[in-house]
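Here are some notes to read beside the model. Please keep the structure open and check each point as you go.

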Amino acid sequence: MSWIWTIAELFVLLALLLILGIGSAIFLEAFRRRSNHDQDQGDANAVFEDPKPLKKVPCPWIFDPAEKYISLIIPAFNEEHRLPGALDETMKLGMHVSLSPLPLEMTSCPFPSRAPIGHAASMQARSYLQQRAAKDKSFSYEVVIVDDGSGDGTNKIAFDFVRRYTIDNVRVILLGRNHGKGEAIRKGMLHSRGELLLMLDADGATKVNDLEKLENQIHAVAREELQLGDAPSSDSSERVSDIPIAAFGSRAHLEEKALATRKWYRNFLMKGFHIVVLLTAGPGIRDTQCGFKMFTRAAARKLFTNIRLKRWCFDVELVYLCKHFSIPIIEISVNWSEIPGSKVNPLSIPNMLWELGLMSVGYRTSMWKIST
């Protein structure tokens with residue numbers, strides 16, 4: 001029997017060493033990220049490259065005054081297989097709503113690069129945005145597509161699109177290597193020009209015209225803050241951008257249907273993740289992971305200059321930071337459909353737990369300082 005106890009003790013020792021090793025790794029990585037964004041101010045001196053006239057355009061910075069009414073930030077990583085179907089749908093929609101579409105413009109930003117793009121989502125956005133801009137001359141927009149180091153055939157799509165159009169309404173940031181969705185969105189937010197900034201996924205799972213739901217709620221909250229009553233939004237838009245507000249698109253109303261149609265591991269991941277999020281960021285938001293969120297420029301300044309998580313759990317950190325800054329979070333139901341090709345899989349679980357561990361250690365030990 002003594003050998004059984006020896007083996008049991010060995011397993012306990014190995015488990016303790018594993019826990020100690022993981023804990024030490026999390027602590028060291030959290031410490032490494034304590035001043036994660038010292039380089040960001042240098043990005044403010046970066047430029048976009050316009051491939052047609054071969055000229056350089058200075059990159060905007062989140063602390064610069066807004067130049068557009070709204071910015072749409074689309075992260076893209078290896079989206080080659082989901083682009084064609086969504087693009088076909090977009091082109092049909094575009095022909096239906098606009099027989100003579102306005103030209104778009106595109107640039108690429110000189111972070112070390114390759115080049116793919118969330119082309120389908122940008123084309124879908126274009127038809128809606130062009131239609132709205134045609135009706136309202138005060139409405140201005142830009143689409144910022146952040147290539148997160150893709151390595152597939154979206155390269156050709158990107159450069160074809162660059163050659164077809166020119167530079168004010170659509171821009172591309174090239175990250176060169178894969179950093180993660182959170183980092184891609186952070187870069188896009190920091191280099192956007194909008195009074196309102198919307199992040200959305202490249203797969204088109206949420207239709208772009210749902211942004212009006214988030215936009216209207218932000219204006220409603222802003223009117224309450226500013227006591228504007230029924231004043232026209234055209235008079236208040238600049239002031240709205242100066243009030244920190246966040247609006248989160250939510251799929252919580254679709255949860256019952258999703259449970260019946262999703263793969264088992266995605267349901268398991270979702271339920272477990274909700275519990276961990278509750279322990280990490282606290283209650284209040286039913287769906288933190290929907291990739292459809294809008295921020296005023298003032299909110300984006302506070303949030304995206306502080307965020308440190310680079311991959312799946314950056315949304316949870318956004319909730320934590322909103323609570324820290326007392327930024328109102330409005331959760332709004334949006335239309336959503338599951339698009340084949342999701343990058344969430346069982347291997348995502350360790351990464352999510354790792355990031356949540358980093359966040360917990362970083363903030364609870366005060367290693368991660370929050371700048372105001």
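1. Start with D168 and R193. Their side chains form a salt bridge, with the closest N and O atoms 3.0 Å apart. A salt bridge here is a side-chain nitrogen of Lys or Arg within 4 Å of a carboxyl oxygen of Asp or Glu. This is a predicted model, where local features need pLDDT of at least 70, side-chain atom pairs count only at pLDDT 80 or more, and totals for chains, interfaces and linings use all residues. Residues are numbered from 1 along each chain as its sequence is written, and side-chain values use heavy atoms, leaving out hydrogens and water.

2. Where do D168 and R193 sit in the chain? D168 is in the loop between α5 (154–164) and β6 (170–174). R193 is in the loop between α6 (181–190) and β7 (194–199). The two are 25 residues apart, so the pair links distant parts of the chain. Helices (H or I, at least four residues) and strands (E, at least two) are DSSP runs, numbered from the N terminus.

3. Now look at burial. R193 is buried, at 4% relative accessibility. D168 is partly exposed, at 30%. The cut-offs use relative accessible area: buried is under 20%, exposed is over 50%, and partly exposed lies in between (1.4 Å probe, protein chains only).

4. D168 and R193 also belong to a network of salt bridges, together with E67, K68 and E142. The count for the model comes to 12 salt bridges.

5. Compare R186 and E183. Their side chains meet in a salt bridge at 3.0 Å, N to O. Both residues lie in helix α6, 3 residues apart, about one turn of the helix.

6. D210 and K213 form another salt bridge, at 3.7 Å, N to O. D210 is buried, at 5% relative accessibility. K213 is partly exposed, at 33%.

7. Turn to helix packing. Helix α11 (residues 297–304) and helix α12 (residues 314–325) pack at an angle of about 110°, with their axes 10 Å apart. Axes are lines fitted to C-alpha atoms, for helices over the stretch in contact, and angles run from 0 to 180 degrees between N-to-C directions. The two helices are therefore roughly perpendicular, a label for angles of 65 to 115 degrees; under 35 is roughly parallel, over 145 roughly antiparallel, and the rest oblique.

8. Which residues of α11 and α12 make the contact? They are K302, L303 and F304 of α11, and L318, L321, C322 and F325 of α12. Contact means heavy atoms within 4.5 Å.
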